[in-house]
Amino acid sequence: MVYADLECLLEKVSNNSNRYQNHVPCSIGFYVKCSYDPTLSFYKSYRGVDCIDWFVKESNQFAED
């Protein structure tokens, strides 16, 4: 089981009358829970403007291992 959480900053949008805020991802973390062997469970997190790219790379690497 994988649990993930994403945090965003809110930026005001002044040029669009339908929206007034934009969500900008700033950090992400995920926890992998192994029910059969607790030593295989782990947590990783990352902060930065490229956190979505980091999460995709980590997810792909985990899927390949």
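Biologist: Which residues does Lys 44 touch, not counting residues up to four places away in sequence?

Modeller: This is a predicted model, in which local features need pLDDT of at least 70 and side-chain atom pairs count only at pLDDT 80 or more, while totals for chains, interfaces and linings use all residues. Residues are numbered from 1 along each chain as its sequence is written, and side-chain values use heavy atoms, with hydrogens and water left out. Taking contact to mean heavy atoms within 4.5 Å, the residues that Lys 44 touches are Ile 28, Gly 29, Phe 30, Trp 54 and Glu 58.

Biologist: How long is the polar contact that joins the side chains of Lys 44 and Glu 58?

Modeller: Lys 44 and Glu 58 are 14 residues apart in sequence, and their C-alpha atoms are 9.1 Å apart in space. A polar contact is a pair of N or O atoms within 3.5 Å, where within protein one must be able to donate a hydrogen and the other to accept it, and residues adjacent in sequence count only if both atoms are side-chain atoms. Between the side chains of Lys 44 and Glu 58, this contact has a length of 2.8 Å.

Biologist: How many residues apart in sequence are the parts that the pair of Phe 30 and Trp 54 ties together?

Modeller: Rings of Phe, Tyr and Trp (its six-membered ring) pair if their centres lie within 6.5 Å, and planes under 30 degrees apart count as stacked, over 60 as edge-to-face and the rest as tilted. By this rule there are five aromatic pairs, and that of Phe 30 and Trp 54 is tilted, at 6.0 Å centre to centre and 45° between the planes. Because Phe 30 lies in strand β2 and Trp 54 in helix α1, the parts tied together are apart in sequence by 24 residues.

Definitions and conventions:
Helix = DSSP H or I, 4+ residues; strand = E, 2+ residues; numbered from the N terminus.
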